[in-house]
Structure formats: structure tokens, C-alpha cells
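Let's work through a protein model by asking and answering. Keep the sequence and the 3D view at hand.

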Amino acid sequence: MAPDNEKRKRYDRQLRLWGEHGQAAMEDCSVCLLNGTGAGTEALKNLVLPGIGSFTVVDGAVVTEADLGNNFFVEQRDLRTSRAACVTRLLQELNEHVSGAFVAEDIAQVLSSRPDFLHSFGLVIATQLPSRELCEVARICADRSIPLIALHVHGFFGYLRLALPEHVVVESHPAHAMLDLRVLAPPAELRSLVADRFASLAALPDAEFSHVPYVVLLLHAVEEWSAAHAGAHPSSYAQKKEVRALLETYRRPHLLSDTNIEEALAAANTALSRPEPSRDLSSLLASARGQRTLLSFWLMAASLQAYVAGTRLVPLGALPDMTADTATYVQLQEHHQPSSRSLDLETSRPRAPPPQSSPELTRFCKNAPHLAVLRFRSVEEEYAADAPVAAELTRALAADDPSCAILYILLRASQAFAAQRGHAPGFADADVESDMPALRLCVAEQLKRLGLNGERPCPVSDDWVAEYCRWGGAETHNIASVLGGVAAQEAIKAVTRQYVPLNNTFLFNGSNGVTAVYEL
Amino acid sequence: MASHTSRRTQDVESLTGCDLKGVRVLVVGAGGIGCELVKNLVLSGFEHITMIDLDTIDYSNLNRQFLFRAADVNESKAKVAKKAVLAFPHAASLSIDAHLGNIKDTEQFGPDFFKTFNIVLNALDNVDARRHVNRLCLSVGIPLIESGTEGYVGQVRAIVKGKTKCFDVCARQVQKTFPICTIRNHPEKPELLFKKLFGGEETDLVLWEKRRPPVKVELAKLALPDAAATAREEQRAWSVEESAAVLLASVERIFTQRASEDDDDAMDFVAAAANLRCATFHIPLQSRWEIKGIAGRIIHAIATTNAVIAGFIVLEAFKVLRSVQAAGGDLSKASIDACRYCVCNRHLSGPKENQLLLRMRLEAPEPKCYVCTGSTSTLELDTASFTVRSLVVIKFLSFNKPTIDLTNELADKTVLLWEGEDEGGGEEGELHGDKPLDSLPVKLGPGVVLEVEDTTQALKCKIALTHTLLDKEEHPSGFRFIAAADEAAAGPPAPAEEDSPGGDGSRKRRKVAEGDAAVAGAEPSGGAGSGVVVADDDDDVIMLE
């Protein structure tokens with residue numbers, strides 16, 4: 001089979017999800033995995049399969065018995081050989097369109113000889129890194145605007161920290177998209193369509209009436225209402241209710257189906273407001289002018305701001321599905337194109353680079369109501385002595401199930417423990433009991449550091465300390481697998497700029513399945 | 001065996017409180033979820049795993065089904081998965097059985113087969129098979145962990161006889177169907193088909209007084225370009241001429257080489273035919289790729305969601321096994337309080353109140369569920385046009401090999417309508433599979449019900465028939481099924497949301513879950529508590545009904 005055809009078939013099920021442009025962004029990205037652990041290889045597997053451009057595994061460890069027990073990408077014969085080499089070999093097998101490489105050294109060692117080693121990557125995934133190395137890597141990533149995902153698995157606990165440079169999202173796919181039908185500000189084409197085809201609803205034969213798109217029904221009802229109110233637009237709830245009452249009068253009781261009327265009634269509340277920019281969008285646009293970056297997002301945003309300032313409207317979003325015959329729907333769709341033309345002019349001004357490719361601009365306009373920009377706290381700041389995370393953690397500890405917050409504190413404590421003693425608490429069976437007092441001390445120290453020393457009773461009970469020691473730093477595969485799934489999902493969001501990534505910490509208590517997202 | 005094995009089992013045992021020795025697990029499906037699942041099971045220390053899948057490997061699987069390689073295309077999924085897992089380090093005591101077969105083949109996978117397992121894990125891609133497994137697990141009393149993914153969305157839940165709602169209640173709404181009124185017969189020659197489809201004579205379509213009438217596509221007047229070259233263009237919409245050329249070539253191939261493994265011929269045909277129809281009715285032409293998405297109802301599928309969902313299947317399985325073990329092996333005495341209905345949300349994050357995973361308490365069994373209790377449900381349809389055979393052929397309510405009686409409960413009169421096989425076995429004359437439902441020996445009316453029994457699913461239920469002319473667009477299947485449970489005055493209680501570390505906005509989160517389900521086209525929200533049923537991680541094109 002021709003390589004292109006093979007590729008298209010291989011990626012078919014995902015292309016329909018994130019489109020050709022999403023796939024192109026994936027294939028442009030080179031990812032660096034620090035440590036080929038269970039969670040690390042699972043995350044990488046989920047990026048190699050959909051075709052990330054290339055990957056490099058940095059890992060100074062050799063394959064141990066423990067790896068054979070929890071890592072799918074090592075083989076028996078690899079025992080005591082380089083872990084970087086064998087996970088790279090086996091991950092490479094997953095997809096011949098992806099190229100893999102490895103460096104069989106610890107990242108600290110690599111950075112000491114090649115400080116710019118990470119600079120060329122589009123994404124760094126760091127797993128099971130001691131806190132000092134993690135902070136060092138995070139600092140480099142922040143300086144060079146490289147997205148970073150840090151992962152830890154400890155027993156039944158999973159931790160993910162996302163640290164992206166300022167992250168702009170065009171295709172944010174909000175859970176509740178704004179319904180924009182321009183009922184209160186119908187474009188000329190829509191008006192003439194109504195005048196041509198649906199001038200009188202009453203005159204339509206039944207078969208046609210039951211296929212009148214609900215946007216047309218709404219337009220009629222609004223027009224009727226406006227005519228009775230000196231040309232005003234319905235705005236209050238009571239007035240919208242009157243419009244709904246008008247819609248009710250359009251019903252034809254003898255008809256079996258009046259789905260379109262139901263759709264109009266359901267949409268009446270949201271469709272009867274002017275499609276003005278939300279507060280979030282306004283503040284995003286307000287910051288666009290000051291941006292010195294040449295990132296196309298901000299150039300388009302600056303143009304959008306001008307458009308919005310002029311019209312007080314956001315560009316049209318996509319036309320929602322509705323009961324209608326196909327031909328009419330297609331006609332409606334043609335009138336419901338995002339108004340990218342008005343933005344073209346702006347971006348082609350002399351000070352800006354040449355106009356963006358039109359699919360990009362069209363996407364931008366189509367998603368304009370829900371553009372998003374995320375700013376992440378740096379890992380360094382989180383790990384600093386006076387980190388501003390106390391309020392968030394206090395809230396988290398007061399939740400119905402505070403286990404995720406408790407586990408986060410334990411993770412920080414165990415990192416301190418490991419830094420002092422060179423191994424995870426409870427690492428050897430004999431240590432479980434003896435490591436507990438030391439871990440408890442680390443917990444107290446971390447609580448102080450996190451600004452939580454006022455909490456009484458101590459939020460991390462002795463039972464939790466004992467449980468954490470009992471896990472002994474073992475990386476259970478099933479937790480690694482879930483975390484690898486989440487990590488890759490967030491990586492894909494970050495790389496494709498589709499959907500809004502989490503900001504900034506995902507915690508997973510695998511013993512009861514509870515998850516939480518906190519900004520730490 | 002190496003010490004990593006003992007270390008692993010020791011970890012799992014001490015961490016989960018589960019003794020996996022001797023636990024036999026059945027994994028139904030070796031696709032997207034199945035690959036992840038079998039890997040997780042092996043690395044979690046499960047030792048006796050049986051896998052069933054009827055499918056063979058396709059290129060489009062390779063973006064997530066990581067146990068398969070391009071060289072494995074067209075091989076059995078179950079068998080390749082087994083081979084791949086055994087190539088990696090595993091316990092000496094690990095045994096994997098792999099079957100290439102249909103889980104609905106009850107000769108091979110009947111109740112006796114199911115009884116040999118401690119737990120069944122569904123990793124299936126279609127509602128019909130999921131309902132079948134649900135019924136068998138309920139009937140033999142084996143706990144089932146149910147799951148599904150679609151794009152970024154997925155869900156997992158335990159189904160335990162007498163303790164939870166069963167899958168049927170949630171999947172009652174059949175997968176979306178579309179009326180296909182065009183491509184019906186098997187014409188002998190491509191030209192004949194062409195004439196039939198594009199020669200005009202539209203009687204069953206809407207009135208054309210006020211619209212542009214359809215235009216004839218006349219083959220004789222078209223200059224046909226090279227079909228093979230056109231067919232390779234996936235992203236650009238073919239012109240009318242190109243469509244006609246591809247159509248003729250694909251029909252020729254379909255009828256001369258029936259054994260074609262690839263669905264390319266069929267897809268060429270559908271894409272070309274669809275475009276010509278579009279031209280006839282003034283609808284913009286679409287690319288082959290777009291048409292494949294529409295016609296195939298292709299389900300988005302990615303590795304990440306499957307990874308998360310498979311992980312949760314194992315976690316839920318641990319909970320069930322642990323409590324069954326604690327109850328001395330007696331499922332009826334085991335507590336499933338720790339189990340949760342887990343929904344993986346695409347809006348993982350964003351605003352802080354959104355969570356990756358929504359966790360809800362499992363719902364109690366429906367007191368009047370026709371699967372659990374055999375109570376009487378109602379079927380509304382045109383009794384003058386439907387026959388018993390037509391109901392059986394469309395896999396009506398996912399029955400496998402039903403025996404169907406028509407009984408007048410008031411007059412104590414019964415007539416056997418259908419027995420067993422899909423084709424309707426038994427002796428001619430005894431059965432009434434081909435008669436319209438309103439001209440059967442027992443007249444429909446009050447107290448008259450279909451008694452359906454399917455021994456292969458250990459299921460018995462009663463269905464009352466009501467003559468109704470349904471709107472074709474709203475009910476393309478031509479019938480509407482009203483389960484007994486729907487008739488109960490009060491809807492089922494909404495599942496209690498819990499474990500919300502955010503502490504606030506639990507109502508909001510619930511809404512998000514429903515919104516997602518609606519977008520995913522997964523499950524029309526039947527009632528407040530119906531929750532999310534994500535249909536598929538499906539593969540192949542389902543073209544015509």
C-alpha cells in the first residue's frame with residue numbers, strides 16, 4: 001500500500017476528531033521523555049500511536065526486575081541493559097512513521113555536559129524525577145517556552161503537573177457553546193432567504209411547514225413581536241416568554257410532528273440575545289493590542305478586537321443542527337459563514353506579516369466566542385518556600401474527599417525524604433516501619449512550607465503516612481496506565497491547541513478512583 | 001520464574017486486598033479497550049485470561065490497538081493479541097485463551113461457558129453484543145464490568161445481578177438508524193443500477209412544486225474520466241462525471257469479485273452514488289472522506305481514552321472481586337458499595353469545576369426492567385406492514401435465537417409464531433413468520449401479547465403490540481419500544497454524585513456529563529437517571545440497514 005494511503009487509513013479514526021491541521025501539529029512535534037518508567041512509556045505509547053513526529057528517551061537506568069513487573073515496553077532479555085535503549089526499541093515498533101532515539105544517561109548528567117539539550121524539543125515529559133532535577137528541567141522549559149508534563153506514580157497514587165508557556169486555544173470546544181443564530185441581528189442573506197422562501201408561514205403546505213428551520217420560526221416570531229412593540233427587541237424574560245407564546249400559535253395541531261416548533265421553543269431563551277463578546281473574551285481581546293509577539297493568534301485577536309469594537313458582535317459560530325430539509329439547511333449554512341472577510345483586511349495591514357492561511361483564519365472566526373488563553377504557575381514557583389498555594393490546598397482539604405490533597409502533601413514530603421535518604425519511604429520491606437517517623441517529620445516540614453501548619457488536626461493522619469510507606473514507591477502498572485492516558489490526552493490538547501488543557505495539577509487516588517484538578 | 005513476578009503479585013495483593021490465584025477472567029473484545037485491558041490484567045497479576053473477538057485487524061485499528069502491527073492486518077485480533085502479550089515478560093503461571101468467534105455464538109459461548117469465569121469484562125464495540133453479554137451474565141450470576149469509549153468520552157460500570165441496573169435499561173434506545181429508501185435491490189448490471197438510481201421518477205420524495213426539481217444525470221451524455229485515479233482523491237469532492245466513473249467501476253468490482261476483503265470497493269460505490277444523488281437534488285458535493293464519515297457513522301477512537309477506561313475497568317474489577325472474596329465467593333452476599341459508575345469527560349479540565357472523571361453511585365435495578373423481571377413492555381408499530389420475520393431480522397431488542405408465541409391471556413389461546421434460528425426454523429405452515437402482525441391466527445387486542453423466550457440468553461419477556469403509524473423521520477426503524485419501566489409513574493432517581501474534591505458545583509458537573517453524552521450522540525437521555533452510554537469504539541463501516 002502507498003505510504004500516504006497507509007497513513008491515512010491508520011489515522012482515520014483520529015483525523016475525524018482533530019482534523020488534518022491537528023494531525024499536522026502532532027507530526028511537527030518532537031517529544032522528550034525523561035525516564036522510561038511505566039507511566040512514561042504509557043504516555044509515550046499514546047503519543048507514538050497517533051503519530052507524534054519523533055521522540056527521544058533520556059534515561060540512565062538499567063532494566064530491573066521491578067520494570068519487568070510494571071512496564072510493558074521491556075522484555076525479559078533486556079534485564080540489566082539500558083532502559084532507554086529497550087523502551088525506545090519497543091515503542092518504535094508501534095509506528096513506523098515515528099522516529100525514536102535515546103540517550104542512556106540521567107538528565108542531570110546530560111544537562112551538565114549539554115545545557116541546551118532540551119531546547120530543540122516541542123514537549124518534555126518528565127517522570128519520577130527528584131524535585132531538584134524537576135525544578136531544573138522546569139526552569140529550562142519555562143525559559144525556552146517548552147511545554148512540560150511532570151508525572152509521578154507512587155503506589156496507588158498518580159500525579160500529573162502541566163506547565164505550559166502562555167497557552168492560547170482557538171478550538172476550545174466549550175461544554176456549552178454559545179448559540180448564535182443572529183435572530184436579533186439577521187444578516188441580509190438570511191433576511192432575503194426568509195422573504196423568498198418563507199414569507200408567510202401560514203401559506204406553507206404541511207409537508208413544508210414541518211421542515212421550516214427553527215431559526216426562521218424564531219425570526220418570524222421576533223418580527224411579529226417587534227411589530228407590536230414599536231420595533232423594539234424582546235430582551236427581558238417576560239418579553240421572551242411572549243415570543244414563546246407567539247411560537248405556540250404557529251403549531252398545527254393536526255400535524256404528527258412539530259419538532260421544529262419544539263426546537264424553536266427550546267432555543268428561544270438563548271437565541272434571543274445579542275451575540276456580544278463574553279467578559280472573558282473582552283479581556284482577552286483587550287490584551288491583544290499590547291502583545292509584542294508575532295504569534296498569529298495575537299495578530300488575529302488584534303483584528304478581532306477591531307471588528308468587535310466596530311460591530312459590538314462576535315463573528316458567527318457554526319450553525320447548529322436543526323430540523324429542516326437538506327437543501328434549506330445547506331442554504332442556511334452558506335449564509336452562516338464566519339465573517340472572516342472583515343478580519344482579512346485587518347491582518348493584511350502593513351505592520352503585520354502576510355495574511356494568515358484562510359483555513360486558519362476561518363477557524364479562528366468560527367471559534368471566536370470561545371477563544372481561551374491560559375497562564376500557568378511555574379513549577380519553580382510552586383516549589384518555592386513561599387508558594388501561594390495554601391488557599392487552594394486548604395479548600396481541597398475541606399472537600400468531601402480530601403484524599404487527593406493529602407496525597408499531594410505526602411508526595412512533596414516523600415520527595416524531601418528521598419532527597420535526604422536516597423530512596424523512597426518504605427522502599428524495602430524492612431523499612432516500612434522504620435521510615436514512618438522520618439516521613440512524618442517530612443510531612444510536618446512540608447505543611448509548614450506550604451503554609452498549612454495552622455491546620456488542626458494535622459490533615460495528614462498517621463494512617464496515611466503508614467499507607468504511603470507501605471506502597472514503598474512501587475509503581476503499579478494500572479495506575480501508570482491511567483496516568484499515561486491522561487498525560488497523553490493533555491499533551492495532545494497542548495500540541496493541537498484544541499480543547500482547554502487542565503491548569504495545572506491532576507491528582508488521582510487509585511485506591512478509590514477519586515480524581516481532582518487543582519491550581520498549585 | 002524471575003522475582004519480578006512475586007514482587008508484582010505481592011504488590012497487587014497487598015495493595016488491593018485481592019487474591020488473584022485461580023481467578024478466571026473473560027475479556028470480550030480485543031479492540032481498542034481490549035488491547036489496553038489485557039495488558040493491564042497481565043501486569044496486574046491476573047493469571048487466567050480468556051479473550052474473544054470475531055474481528056480481524058484493519059489499518060484503522062493501528063492508531064490505538066497497540067498489540068497489532070501493519071504486518072498483522074487481516075489476522076484475528078484475539079489471536080494476535082495473545083501472541084503479543086505472551087512475548088512480553090509474564091508470570092509462568094499465566095494462561096491466555098484466545099478465540100476468534102462471535103460472542104453471540106451460543107453453541108460455543110453459552111451459559112455453561114460463562115459459568116466458568118469469576119468475572120466478565122466487556123470491551124465491546126456494539127450495543128447489540130453488549131446487551132447479549134449483559135443478559136448472559138445476569139442469567140448465570142457472574143459479575144460484569146461494562147465499558148465503552150467514543151472519542152474523548154468513555155464510561156465504566158459494574159453490573160451485578162440484583163444489585164445494579166442492567167445494561168439493557170440504559171441501551172434501550174437502539175443505535176441511531178437512518179431511513180434508506182434508495183439503494184435497495186441487487187441489479188445485475190451496473191448500467192441498470194445507474195438508471196434505477198439516477199433516472200428520475202421520484203415518487204416517495206417531497207413535493208417539487210416550489211423547489212428546483214431534481215435533474216437527471218444522463219450517463220450517455222457524460223464524458224467519464226479515469227475511475228482509478230479519481231478514487232484515490234479522498235479529500236476533494238468528485239465532479240458528477242468523476243462520480244459516475246467511480247460508481248460504475250466500483251459496482252463492477254463488487255459484482256465480479258465478491259470476496260473483496262477491503263471495504264474500498266463498497267466505499268467507492270457509496271461515495272460516488274451519494275454524490276450523484278447530491279447532484280440530482282442540488283446538494284453540494286462532498287469528498288469521499290466526508291462521505292465515509294457520514295455513511296459509516298465512523299466512531300472517533302483514540303488511544304488515550306481507551307487507556308484511561310481500561311485502567312478503570314481493572315480498578316472496578318478489583319473492587320468486585322475483593323468483595324466477592326470477602327463474602328466467601330457468594331456474589332449475592334457481596335457488597336458493591338465501593339463500586340462507581342465512572343465517566344471519562346472530554347472537558348477534562350478547563351474551568352476548575354470540571355473533572356476528568358465523574359463518579360456516580362451505581363443505580364439500583366429497575367423494578368420493572370423487561371430483562372431482569374420479564375415484565376410486559378409495549379411495542380408501537382404499523383401492525384399491517386410488520387411481520388415477525390421483519391422484527392427478528394432487524395435484531396429486534398437484541399434477541400439471539402428467540403421463540404415467539406402470540407398469546408391471548410384472557411382467552412388462554414396461544415400460537416407459536418417463530419422458533420429459534422434467524423431464518424425461522426420449524427415446519428412450514430406451523431409458523432407465521434411472514435404474515436403481517438394484524439392477520440395472525442390470534443387477533444391483536446387487549447390481553448394479547450408476544451411471549452418471547454430466548455434460551456441462549458436465558459431471557460423471557462412479554463411484549464404488547466399497539467398499532468400506530470409512526471413518523472418515518474422520527475422513527476426510521478418503524479417501531480417504538482416502550483419498556484415497562486418507562487410506564488412506571490416516577491422516573492428512576494438520579495444517581496447520587498459524590499466524591500467531589502472540588503466541593504462545589506456538583507450539579508454543574510452532572511450537566512456537563514449529560515451534555516457530553518448528547519454531543520457524542522451516545523445515548524438519548526431517556527430519563528433523569530439514564531446517564532451516559534457511550535456506544536462504540538467501532539471499526540468498520542456500517543453502510544446499509
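Predicted model: local features only at pLDDT ≥ 70, side-chain atom pairs only at ≥ 80, totals over all residues.

Reader: What share of the residues of chain A count as buried?
Author: Chain A has 520 residues. A residue counts as buried when its relative accessible area is under 20%. The share that counts as buried is 57%.

Reader: Among contacts in chain A between residues at least 6 apart in sequence, what share join residues at least 24 apart?
Author: Take the contacts in chain A between residues at least 6 apart in sequence. Then pick out those that join residues at least 24 apart. Their share is 70%.

Reader: How are two packed helices described?
Author: Two values are used for a packed pair. One is the angle between the axes. The other is the distance between the axes.

Reader: Are H18(A) and H19(A) parallel or oblique to each other?
Author: H18 covers residues 390-397 of chain A, and H19 covers residues 403-421. Their axes are 7 Å apart and the packing angle is about 130°. An angle over 145 degrees would count as roughly antiparallel, and one from 65 to 115 as roughly perpendicular. H18(A) and H19(A) are therefore oblique.

Reader: Which residues of H19(A) meet H18(A), and of what class are the residues in this contact?
Author: From H18(A) come Leu393(A), Ala396(A) and Leu397(A). They meet Ala405(A), Ile406(A), Tyr408(A) and Ile409(A) in H19(A). By class, the contact has no polar and no charged residues; seven are nonpolar.

Reader: Is the crossing of H18(A) and H19(A) left-handed or right-handed, and what about H20(A) and H21(A)?
Author: H20 (residues 431-449) and H21 (residues 462-471) of chain A have axes that come within 9 Å and cross at roughly 125°. That angle makes H20(A) oblique to H21(A). The crossing of H18(A) and H19(A) is left-handed. The crossing of H20(A) and H21(A) is right-handed.

Reader: How many charged residues are in the contact of H20(A) with H21(A)?
Author: H20(A) brings residues including Asp435(A) and Arg440(A), and H21(A) brings residues including Asp462(A) and Arg470(A). By class, this contact has eight nonpolar and no polar residues. The charged residues number four.

Reader: Which residue does a cis peptide bond join to Asn503(A)?
Author: Most peptide bonds are trans. Here omega is about 5°, and the bond is cis.

Reader: Is Ala230(A) buried or exposed?
Author: Ala230(A) is in the loop between helix H9 (214-228) and helix H10 (237-249) of chain A. Its phi is near 55°, a positive value in a residue other than glycine. Over 50% relative accessible area counts as exposed. With 80%, Ala230(A) is exposed.

Reader: Where is Arg497(A), and what is its relative accessibility?
Author: Arg497(A) also has a phi near 55°. Its place is the loop between H22 and E9 of chain A. Arg497(A) counts as partly exposed, at 34%.

Reader: What is the mean pLDDT of chain B?
Author: In chain B, 68% of the residues reach 70 or more. Over residues 1-9, pLDDT stays under 50. Over residues 487-545 of chain B, the pLDDT is below 50. The mean for chain B is 73.

Technical notes. Residues numbered from 1 in each chain as written. Chains lettered and ligands numbered in written order. Heavy atoms only, no water. Axes fitted to C-alpha atoms, helices over the stretch in contact; angles between N-to-C directions. Helix = DSSP H or I, 4+ residues; strand = E, 2+ residues; numbered from the N terminus. Parallel < 35°, antiparallel > 145°, perpendicular 65-115°, else oblique. Left-handed = near helix turned anticlockwise from the far one by under 90°. Contact = heavy atoms within 4.5 Å. Nonpolar A, V, L, I, M, F, W, Y, C, P; charged D, E, K, R; others polar. pLDDT = per-residue confidence, 0-100. Buried < 20%, exposed > 50% of the residue type's maximum accessible area, 1.4 Å probe, protein only.
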